[in-house]
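Please consult the sequence and the structure as you read.

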Amino acid sequence: MATNIVRTSIAQEIHTATPEYQFKAFPAGISSLSRNAIAAHHWNALGGDFSLPVMVLKEAELDHNIQRMAAWCRQRGVLLAPHAKTTMSPQLVHRQLEAGAWGVTVATVSQARVLAEFGIERIIIANQVLAKEDLDWITGFLDAGESRDVYVLVDSVAGVHLMNEALSQVNGHRRRLRVLLELGYDGGRAGCRSVTEALAVATVIASSPHLELAGVEGFEGLVPGETAIYRLIAARAFLDRMGATVKALHNSRLLPVQPVVTCGGSAYFDEVVRTFVGEWDGPPLQVVLRSGCYVTHDHGLYQRASPLRDDADPFRPALELWAQVLSVPAPGLAILGCGRRDVPYDAGMPLPLLVRQGGADRPVLDARVTALNDQHLFLSISDEDRVAVGELICLGISHPCSAFDKWQLIPLVDDSYGVVDAIRTYF
């Protein structure tokens with residue numbers, strides 16, 4: 001995929017009208033720097049150059065994860081369009097593309113517009129797109145270059161009619177918009193719930209003067225279940241139903257010769273490959289994974305759920321939040337200077353990993369986060385884990401998607417926490 005049409009320079013992207021005080025933790029003067037100049041300052045994220053708390057992204061772990069996922073997909077003959085909503089960082093997206101990603105996934109047209117400004121040309125918008133202004137932008141983007149490709153989702157006859165109506169009002173639109181038929185499950189989000197419904201929607205798409213059915217889409221990542229094994233069973237059942245629907249659409253001659261079949265999530269991508277590659281006995285497919293959280297992994301949700309968790313070469317957590325002990329107001333309790341504005345908490349509290357005492361790090365033995373305020377963290381500690389005011393605590397995070405949106409600029413660090421670059425986000 002071509003990525004050389006970059007209207008906004010990745011190398012200079014910190015040159016911006018954003019006031020430097022919005023780049024929390026960074027030293028003064030950052031908004032007047034290019035990214036190329038950051039390494040020359042020889043800052044250390046934990047050496048007194050940065051304010052605290054500070055979220056860091058570890059270069060070695062990041063690179064490992066990008067290369068590991070790319071190799072995993074190549075070995076199995078599947079394509080990768082990583083979900084950019086995880087990071088909303090054009091720098092990281094370009095690194096994923098350079099490693100071999102086929103395209104990029106987003107959740108909204110607004111996110112697609114950000115990535116388009118940085119030269120991304122193949123985009124899956126993994127959502128229904130019905131508003132005329134959104135469809136106007138998509139058609140303008142497509143018509144501006146033959147190498148550009150956009151896929152959007154549809155799951156109803158009503159949705160097809162709304163898209164047709166909006167697209168009929170677009171002046172000079174030359175290309176049909178590729179759509180993916182979204183398949184769902186009972187209790188889930190959007191998506192056709194039955195083969196009959198899917199066939200009905202696909203039939204209406206086939207008669208559309210503005211739409212072209214390119215394949216099917218599903219999201220297996222949030223299947224219900226009380227335990228991990230029940231969720232795995234539910235994911236397999238949903239993927240098997242997806243496979244049956246693909247075959248029915250193929251037998252009805254409603255799909256192209258080699259349709260796209262795309263699934264999302266960082267928890268069951270191995271099951272997607274099992275269903276549509278390893279055990280597949282239907283028509284030829286282009287299987288596209290949309291996993292996003294693998295890029296940084298984590299110490300919580302995906303540490304437990306990743307298909308590579310027991311692999312000899314698993315993904316590695318790349319995000320850490322370092323905060324200072326502000327107070328030890330009672331035995332067994334430390335108050336840290338970070339909170340809900342700094343760390344995710346929707347998929348589990350942060351996990352205390354290390355204590356930095358006198359320049360040396362030691363593992364946390366028996367401590368846990370019990371509560372978060374906006375800017376304070378409550379850490380329950382044992383006698384073995386006594387900490388002093390002013391010491392630094394390293395926290396692992398759970399759920400990368402809820403970490404990046406709290407930081408507009410994140411230092412990229414080496415193994416010694418020397419700052420080698422800065423990662424900009426655009427939420």
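Rings of Phe, Tyr and Trp (for Trp, its six-membered ring) are taken as a pair if their centres lie within 6.5 Å; planes under 30 degrees apart count as stacked, over 60 as edge-to-face and the rest as tilted. By this rule there are eleven aromatic pairs. The model is predicted, with local features needing pLDDT of at least 70 and side-chain atom pairs counting only at pLDDT 80 or more, while totals for chains, interfaces and linings use all residues. Residues are numbered from 1 along each chain as its sequence is written, and side-chain values use heavy atoms, with hydrogens and water left out.

**Trp43 and Phe50**
- Trp43 and Phe50 form an edge-to-face pair, at 5.9 Å centre to centre and 85° between the planes.
- Both Trp43 and Phe50 are buried (under 20% relative accessible area; exposed is over 50%, partly exposed in between, with a 1.4 Å probe and protein chains only).

**Trp72 and Phe269**
- The planes of Trp72 and Phe269 stand at 80° with ring centres 4.9 Å apart, so this pair is edge-to-face.
- The pair links distant parts of the chain, 197 residues apart: Trp72 belongs to helix α1 (residues 59–76) and Phe269 to helix α8 (residues 269–278).
- Helices (H or I, at least four residues) are DSSP runs, numbered from the N terminus.
- Trp72 is buried at a relative accessible area of 5%, and Phe269 is buried at 0%.
- Ring pairs join Trp72, Phe269, Tyr294 and Phe315 into a cluster.

**Charges over rings**
- A charge sits over a ring if NZ of Lys or CZ of Arg is within 6 Å of the ring centre and within 35 degrees of the ring normal.
- Lys247 lies over the face of Trp280, 5.1 Å from the ring centre.
- Arg424 has its charged end over the ring of Tyr426, at 4.7 Å from the centre.

Notes. Helices (H or I, at least four residues) and strands (E, at least two) are DSSP runs, numbered from the N terminus.
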